[in-house]
Amino acid sequence: MLQELLLSGALLVGLYFLLHIVFKMPRCKSAAKLHGKTVIVTGANTGIGKTTAMDLARRGARVIMACRDRGRAEAAIKDIIQETGNDQVVFMQLDLASLQSVRSFAENFLRSESRLDLLINNAGGKTEDGFGMIFGVNHLGHFLLTLLLLDRLKASGPSRVVTVSSEGHKAGKVDFNCLTTHRDLSLGSNDFLLFQKYCHSKLCNVLFTIELAKRLEGTDVTCYSLHPGVIKTELGRYTGFLWRLVMAPIATPFFADAESGAQTTLHCSLEPGIEHLSGHYFSRCSPRTNLKARDEAAAKKLWELSESFCGLS
């Protein structure tokens, strides 16, 4: 009996490490240095955002940590400065749950910073403006932020906008009737519907990038959306207790850590020679294609509706 248990344990450990090898994320290969460059990373105080900010700071960039929670952001900044020796890492208040906060952030940034070379739309969370929780932050807050900073990005070109999406976008759809009537991507709030809304919002990220690329043609600004990998923190953010209790033990071998999850973000931010792929969706540091990721009609319609929600049209 003991031998059988030991054998079973050894097999499980072997399977675990085999899965880690098979599903190991490729790494960003760029050796780019970023001295004299300014970047914004939203949601940079934890997880993928913090790891991304750490890497960019290590390359010499001036990193703007666009976060809601000052205390957590300042703790992350302390870690990054200690690790990289780069003291050009600063906090700026940004609560993507509030469109007014987005506008205030943009005003403060444009007043205090002379350039913007890279905008990384990474954060997720809740909203307070009457829009659906996930739609408001994952899409609408970043939509407004990007538009308010576009002129500075253009003036600093070549520059990039990188938006963190998910493979979940393939299971998403945009119900424009529901969005127009209820300012949300769907109705309901149980675990399954919450995850559905997450997928819908991630499709919005992809569609936003498609239309943004079209509108940036002829400029020195390019844009990309991406899947970072299956990250444990993301699963926890958009699922309930019972879902995590059942799924987490099964899915754990497939999770990427924050460092691995940041690699495709860094690739899209730094890799030379991908400008012709502006508007494309990336996964595992490579461009991917599917029909939903190229729906230009839906992308244009979402853009116009988002403009009206933000009071821009």
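## Packing of helix 2 and helix 11

Helix 2 and helix 11 (residues 263-270) pack with their axes 10 Å apart, at an angle of about 45 degrees. Helix 2 is therefore oblique to helix 11. The crossing of the two helices is right-handed.

From helix 2, Ile 48, Thr 52, Asp 55 and Leu 56 meet Thr 265, Leu 266 and Leu 270 of helix 11. The residues of this contact (heavy atoms within 4.5 Å) comprise four nonpolar, two polar and one charged.

## Basis of the model

The model is predicted: local features need pLDDT of at least 70 and side-chain atom pairs count only at pLDDT 80 or more, while totals for chains, interfaces and linings use all residues. Residues are numbered from 1 along each chain as its sequence is written, and side-chain values use heavy atoms, leaving out hydrogens and water.

## Helix 2

Helix 2 spans residues 47-58, 12 residues in number, and its first and last C-alpha are 17 Å apart, close to the 16 Å expected at 1.5 Å a residue. Its buried residues (under 20% relative accessible area) include Ile 48, Thr 52, Asp 55 and Leu 56. Gly 60, with a positive phi near 100 degrees, follows helix 2.

## Arg 72

Arg 72 lies in helix 3 (residues 70-84). Its relative accessible area is 46%, so Arg 72 is partly exposed (between 20% and 50%). Beyond its neighbours within four places in sequence, Arg 72 contacts Asn 45 and Thr 46. Arg 72 and Asn 45 are 27 residues apart in sequence, with 6.1 Å between their C-alpha atoms.

Key:
Helix = DSSP H or I, 4+ residues; strand = E, 2+ residues; numbered from the N terminus. Expected span 1.5 Å × (residues − 1). Buried < 20%, exposed > 50% of the residue type's maximum accessible area, 1.4 Å probe, protein only. Axes fitted to C-alpha atoms, helices over the stretch in contact; angles between N-to-C directions. Parallel < 35°, antiparallel > 145°, perpendicular 65-115°, else oblique. Left-handed = near helix turned anticlockwise from the far one by under 90°. Nonpolar A, V, L, I, M, F, W, Y, C, P; charged D, E, K, R; others polar.
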